[in-house]
Amino acid sequence: MLSKLQRHLAKDFMKIFLRDRQSIFFSLFFPVVFLSIFAFVRGGQEPIPLGVASESDSAVAGQLIQSLREDPAFVVVTGGEAELREQLIAGEQMLVLVLPADFPAVDGGGAARARLLADTSQFNQLPLVEPMLEKKLMVIERQQRGEAPMFSLEVENVQALSQSYLDFLLPGLLAMMLMQLSVAGSGYNVVEFRRKGILKRLFVTPLRPRDFVAAIVAARLGIVLIQLTVMLAFALLVLRVNIIGNLAEFYLVAIGASAVFLTIGFCVGSIAKTQQSIMAIGNIVIFPQIVLSGVFYPIDAMPALVQPLAQVLPLTFVVSGMRDIAIAGASLLEIVPSLIGMGVWFVIGFALAARMFVWKDVAA
Amino acid sequence: MEPIIHAVDLVKRYPLPEDKSRKFAAVDGVSFAIFEREIYGILGPNGAGKTTTLEMLEGLNDIDGGSAVIAGIDVARDPYKVKKLIGVQLQASEYFEKLNLIELLKLFGALYSRDIDAMEMLAKVDLTEKAKARPANLSGGQKQRFSIACALVNVPRILFLDEPTTGLDPQAKRRLWDLVMELNRAGMTIVLTTHNMEEAEFLCGRIAIMDHGRIVAEDTPAKLIDQYAPEPPAAPLKGNIEDVFLALTGHALRD
């Protein structure tokens with residue numbers, strides 16, 4: 001594995017990284033906060049304030065209001081239409097359901113008209129809420145007509161899935177953070193060491209670039225594993241995220257991912273001449289991948305034009321590999337395509353890093 | 001006697017800062033021979049090409065023209081072999097700031113595959129009481145002495161010092177000179193650059209005066225003074241190397 005020199009160097013790099021308390025703190029603090037925000041925004045389902053203005057005192061109207069009150073998705077406030085309409089404009093209500101006085105009387109064979117008032121510029125969950133309300137009306141309608149529900153089984157199936165959006169998101173978020181920590185970690189170090197003349201001092205000894213690169217990658221891997229463990233522990237224990245697959249295999253993929261991104265970080269560090277430019281170049285590498293690699297939503301949902309590009313990004317392979325293990329319980333054998341993709345990127349990244357690595361002064 | 005360092009017509013070209021398509025020679029055909037156990041000084045103003053010349057010898061900078069042979073090894077062909085033989089103190093080198101002096105010395109030892117006694121190295125440069133300190137907490141003189149300690153971990157045959165006393169106060173300067181003399185007495189060949197006339201005169205057996213990438217004169221300090229320094233009309237002394245320098249380059253230090 002590592003030679004004696006590489007081990008000595010890697011140990012010293014570990015010391016250097018671990019003694020930098022401030023950056024350790026922030027490297028852990030941000031991912032944890034980030035995960036928490038997602039957990040709260042996506043995980044805890046905020047009930048929607050719903051005003052109901054009912055001018056009807058029919059049993060059906062009462063039944064509908066009762067069923068809305070019982071639904072945890074809504075906070076129901078009843079009142080007059082004019083009053084609720086004002087509250088809606090003031091932003092105190094998200095939606096106002098108006099049941100006219102003749103509800104549910106069927107006039108002229110048409111359906112009873114219930115109206116839903118919404119400010120679509122403020123409320124973007126309408127496509128979600130509309131079917132919910134329609135379903136409630138349908139249930140009541142069926143009861144009234146004595147019809148058996150046709151789709152209830154399917155509905156129950158959807159609810160039976162115990163996985164939340166956070167379960168889907170976590171592997172992607174972890175992969176994304178691995179990418180950021182690794183690219184920034186190795187790239188920043190190289191630029192910093194070069195700027196201070198440390199690289200020059202090191203390479204006036206018989207040190208070979210490959211020993212230096214191997215040692216810094218090994219040390220960074222160690223650090224990234226610690227960071228990953230903290231984030232994962234937080235996600236599993238505090239946020240109660242589920243990982244179905246084998247945790248050891250999940251780690252193996254994460255280590256591979258980190259190695260891929262560390263080599264890419266070395267390339268970035270070799271191109272960048274200053275601390276400012278490493279931020280800019282790093283972002284060029286990082287941001288398109290966050291958007292295109294299926295971290296937040298599946299690649300299939302993207303425009304057909306960018307899909308071929310999205311399919312071959314390094315982060316795409318990492319995200320799909322980690323996600324398959326985490327939410328589908330896949331084994332390493334089942335994610336071979338992702339592993340091959342990562343392997344190809346590692347070879348490309350390492351070859352480029354070794355070729356471009358400059359320890360000499362780079363004129364700014 | 002065979003020289004331990006033999007440079008012939010060394011050339012280094014850089015693109016002009018104001019016009020990248022054109023090049024200028026930072027080092028323009030420099031030749032010299034340095035012998036074992038010598039203290040050889042390269043004296044010159046900033047931008048004369050002193051550091052670039054040293055860096056070509058050290059394998060830190062590519063040689064664009066001419067050749068450099070150190071202890072029989074062609075630097076361009078086998079820089080790694082040369083790097084094992086030499087110790088280098090760079091002009092402004094920093095160290096990993098999160099490691100203390102002992103850890104840094106051991107790290108440098110590892111780079112040469114040597115297990116070293118870090119305390120003994122520190123004792124040589126009189127820094128034992130700073131063993132657990134970080135480089136950032138050293139004074140200027142201590143930092144330079146530590147740099148020399150790092151350059152000594154491989155027990156080099158040749159020690160390169162690039163402006164070792166620049167920015168040091170007189171006491172620290174004096175202390176460093178003593179250290180250099182001591183290392184030289186123990187048998188080490190020393191090559192140093194400086195723009196301090198007094199230093200060149202005090203330390204060096206021979207001096208090369210560089211200006212605009214060329215060596216304009218090379219000899220012992222005494223002979224240079226004989227040859228170039230104008231006789232001061234009333235003073236009993238002949239003048240000093242500073243006069244030599246001014247006579248040869250026609251200007252004071254460019255800082």
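# A tour of chains A and B

Begin with chain B, where 4 strands form an open sheet in the order 2-1-4-5, with antiparallel pairing. As you look, keep in mind that this is a predicted model. Select strand 2 (23-34) and strand 5 (73-74) of chain B: these two stand at the edges of the sheet, each with a single partner strand, so one side of each is left without a neighbour in the sheet.

Select R157(B) and E36(B), which form a salt bridge whose closest N and O atoms are 3.3 Å apart. This pair links distant parts of the chain, the two residues being 121 residues apart: R157(B) sits in the loop between helix 5 (140-152) and strand 7 (158-162) of chain B, while E36(B) sits in the loop between strand 2 and strand 3 (39-43) of chain B. Over all chains, the structure holds 19 salt bridges.

Now move to chain A, where 4 strands form an open sheet in the order 2-1-3-4, this time with mixed pairing. Strand 2 (74-78) and strand 4 (115-118) of chain A stand at its edges, and each has a single partner strand, so one side of each is left without a neighbour in the sheet. On average, neighbouring strands of this sheet are turned by 25° against each other, direction ignored.

Select strand 3 (residues 95-99) of chain A together with strand 4 of chain A; the two run antiparallel and are joined by 4 bridges. Within this pairing, V96(A) has L117(A) in strand 4 of chain A as its bridge partner. Then show helix 5 (residues 126-145) of chain A, which lies across strand 1 (48-54), strand 2, strand 3 and strand 4 of chain A and runs at about 70° to strand 2 of chain A.

Finally, display both chains and turn to the interface, where 25 residues of chain A are in contact with 30 residues of chain B. The two chains bury about 2700 Å² between them, with 63% of it on carbon and sulfur atoms.

How many salt bridges are counted between chain A and chain B? The count is 5, and one to select is that of D115(B) with K4(A), the closest N and O atoms being 3.8 Å apart. On the side of chain A that touches chain B, the elements that give two or more residues are helix 1 (4-19) and helix 8 (198-202) of chain A. Helix 1 of chain A provides the largest share of that side, with 9 residues. The residues of the side of chain A that touches chain B divide into 13 nonpolar, 2 polar and 10 charged.

Notes:
Residues numbered from 1 in each chain as written. Chains lettered and ligands numbered in written order. Predicted model: local features only at pLDDT ≥ 70, side-chain atom pairs only at ≥ 80, totals over all residues. Heavy atoms only, no water. Pairing = 2+ DSSP bridges. Axes fitted to C-alpha atoms, helices over the stretch in contact; angles between N-to-C directions. Contact = heavy atoms within 4.5 Å. Buried area = accessible area lost by both parts, 1.4 Å probe. Salt bridge = Lys/Arg side-chain N within 4 Å of Asp/Glu carboxyl O. Nonpolar A, V, L, I, M, F, W, Y, C, P; charged D, E, K, R; others polar.
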